[in-house]
Amino acid sequence: MCGIVGVTGRDDALDVILTGLQRLEYRGYDSAGVVMDESSDRLRVVKRGGKLANLTAALSDESISGSVGIGHTRWATHGAPTDSNAHPHTDPTGRIAVVHNGIIENYEELQATLPDATFSSETDTEVVAHLVAREVEGGAELPDAVRTVLRSLDGAFALCIQDRDTPGMIVVAKREAPLIVAHADGVSYCASDVAALIRHTRDVQALMDDQVAVLTPDGITITDLNGVAVEGHAYHVDWDLDAAEKQGYEHFMLKEIHEQPTAIADTLRDRLRPATGPDGSPRLHLDECRIDEGEFGRIDKVFIVACGTSLYSAMVGKLAIEHWAGIPVEVEVASEFRYRDPILDPHTLVIAVSQSGETSDTMAAATHALDQRAPVLALVNVVGSTLAREADAVFYTHAGPEVAVASTKAFTTQLAAFLLIGLYLGQQRGRIYGSEITDILNRLHHLPGQVEQVLEQDAAIAELARKYASTHYTMFIGRHVGLPIAMEGALKLKEISYLHAEAFPAGEMKHGPIALIEDGSLVVALAPAGHTFAKMVSNIQEVRARGASVLAIGTDGSTADLKAHAHDLITLPEASHELASPILAAIPLQLFAYHVAVTRGEDIDQPRNLAKTVTVE
Ligand code: F6R
């Protein structure tokens with residue numbers, strides 16, 4: 001989604017901003033702009049619809065310098081991605097410039113309080129520049145003006161504001177949208193994502209809701225809406241820049257697919273604490289826990305809330321928790337959760353799953369649960385993200401930065417993490433012995449090697465992708481652990497290749513979807529070894545009889561029936577546990593989607609209309 005980078009105190013501020021915006025490109029955007037405080041008599045604003053390259057081309061025609069500035073990449077919500085709707089927005093006199101991530105829900109109401117104003121964009125943001133200008137023109141200092149305006153805003157925002165008449169200062173504030181600040185070597189920075197800043201510093205502070213930070217070259221002060229000094233959440237970023245570069249791969253998505261053996265090994269690493277269990281065996285632990293761990297032993301119901309790919313990992317999480325902990329689990333799309341009346345109490349655990357830890361709907365679902373006093377466990381990748389900070393407990397996937405919009409390693413590490421969470425809850429409820437956990441973990445440690453084996457089939461999968469790259473309709477089918485992977489396979493294919501793909505429980509086909517099958521359709525059948533295998537073989541025969549080509553995903557040692565009935569077959573190594581098989585099955589589908597999109601010449605890392613972190617509802 002939108003990205004923000006601000007800097008004050010460097011002569012090369014424009015370069016720092018543009019490089020920072022490049023690092024945020026992965027979040028998805030459709031226009032970009034900068035404001036620079038060149039001199040005491042004017043702010044220079046340059047903005048363009050389209051990619052960052054359009055902005056840099058425009059900037060190369062103008063000579064802009066200055067040691068203070070703000071840059072923005074916009075993902076359109078109110079108004080098309082045009083030059084005039086791009087940020088920064090200014091008041092009519094050009095004194096105040098504002099960039100904004102999020103949505104100001106009451107912007108029309110606020111515009112109505114300025115009956116004489118003329119707005120030059122269709123955005124919900126521009127009114128903020130007008131309102132702040134009104135305050136400073138009335139004599140308020142910039143930080144006070146911003147605090148006053150913030151009190152009138154409804155919605156979600158990370159705002160960054162510059163005043164032509166207050167040189168050297170940037171004022172930033174946030175509510176329900178991430179914003180970090182940092183000060184190093186006489187320079188102050190702000191950004192919506194740490195990736196924009198790690199070139200300059202690794203020690204950052206995340207602002208909390210309704211905090212206002214004043215940035216000058218001398219330092220940063222943070223206050224609440226009443227001007228009382230408060231602290232942000234300070235943390236150190238330990239991943240390095242290399243981890244966020246392509247390292248020779250053609251696309252981030254391919255790099256991240258190939259990072260899965262390491263990422264999964266990192267998820268599984270160091271999860272056992274020595275010998276504190278009643279049977280003297282090691283015990284699993286969470287990364288952070290701010291409530292009494294004993295609470296988890298008293299849980300009698302679990303909700304898992306998430307969006308998109310993370311939601312499909314939640315479906316496997318349900319199977320793992322019900323299997324090992326014996327607790328009923330409901331999986332729910334996060335965007336629906338707070339609009340109904342979920343029955344929550346202190347014995348209901350809500351697991352909020354999110355790669356970014358910033359997804360607005362998942363955050364809102366977690367907040368709803370916390371308000372009802374239900375404990376919230378965050379399963380996240382990004383350390384220090386809002387969800388990780390607000391939850392009662394955190395389990396990190398430790399997958400490293402994921403840059404491609406299409407999630408890959410975040411998904412398989414979530415699957416691995418859910419195995420551990422299922423075992424953890426089983427342990428807390430006394431349903432599983434420590435020795436049994438150790439035994440399962442020992443077997444799970446074979447997973448990274450098995451993932452390597454699947455990745456070795458890359459060239460063969462690319463061949464299949466080329467064969468099926470013009471297929472108009474692809475149906476993914478699966479049962480039990482295969483179903484969430486079928487759904488994820490369909491999502492991966494549609495989001496980067498723009499081909500029509502859907503997933504169904506294989507048993508549901510005869511209740512309607514099989515009517516879609518005709519000559520030229522492709523059915524991708526998830527048929528790993530397990531208790532639903534024979535049923536999958538029957539479903540494969542049914543779709544084949546109706547003209548579909550069938551690409552089956554099976555397991556080494558149980559492929560005879562698949563060879564007999566499917567047109568093509570991808571074979572996976574035998575997983576050490578049936579609940580671990582989705583991790584292996586996801587990988588060929590990621591590669592398949594990737595190679596189909598490459599064959600079709602699509603934009604792999606930044607597919608159309610999509611954003612990496614969805615910070616609006
Ligand atoms: C698909 C994808 C999205 C995300 C979803 C949730 O490849 O990446 O569906 O999974 O937007 O994002 P997080 O996990 O950051 O909450």
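The lining of the largest pocket splits into 18 nonpolar, twelve polar and twelve charged residues, where Ala, Val, Leu, Ile, Met, Phe, Trp, Tyr, Cys and Pro count as nonpolar, Asp, Glu, Lys and Arg as charged, and the others, Gly among them, as polar. The model behind these values is a predicted one, in which local features need pLDDT of at least 70 and side-chain atom pairs count only at pLDDT 80 or more, while totals for chains, interfaces and linings use all residues. Residues are numbered from 1 along each chain as its sequence is written, and side-chain values use heavy atoms, with hydrogens and water left out.

A pocket here is an open set of points on a 1 Å grid over the protein atoms alone, with protein on both sides within 12 Å along at least five of seven lines; a cavity is a set of points where a 1.4 Å probe fits but cannot get out, and lining residues have an atom within 4 Å of a point. Grid points are joined across faces, edges and corners, and a volume is the space filled by probe spheres set on the points.

The largest pocket takes up about 780 Å³. Its lining counts 42 residues, with W239, N381, V382, V383 and P401 closest to the centre. At least two lining residues come from each of β14 (233–236), α7 (260–268) and α11 (386–390); helices (H or I, at least four residues) and strands (E, at least two) are DSSP runs, numbered from the N terminus. The largest share, three residues, belongs to α7.

Next comes the second largest pocket, at about 540 Å³. It has 26 lining residues, and G308, T309, A611, K612 and V614 sit nearest its centre. Two or more of the lining residues are given by each of α8 (308–324), β20 (348–354), α10 (360–371) and α16 (482–497), with α8 giving the most, four residues. By class, this lining has eleven nonpolar, eleven polar and four charged residues.

The ligand has 14 residues around it, and S310, S354, Q355, T359 and E495 come nearest; a residue counts as near if one of its heavy atoms lies within 4 Å of the molecule. A polar side-chain atom of S356 is 2.7 Å from a ligand oxygen, an N or O atom in the K492 side chain is 2.9 Å from a ligand oxygen, and a polar backbone atom of T309 is 3.2 Å from one. K492 also has a side-chain polar contact of 3.2 Å with E495, a polar contact being a pair of N or O atoms within 3.5 Å; within protein, one must be able to donate a hydrogen and the other to accept it, and residues adjacent in sequence count only if both atoms are side-chain atoms. E495 is part of helix α16. Its relative accessibility is 13%, so E495 counts as buried (under 20% relative accessible area, with exposed over 50% and partly exposed in between, for a 1.4 Å probe and protein chains only).

The largest cavity has a volume of about 100 Å³, and C2, W75, T77, H100 and G102 are the closest to its centre among 14 lining residues. Strand β6 (residues 96–104) gives the most to that lining, three residues.
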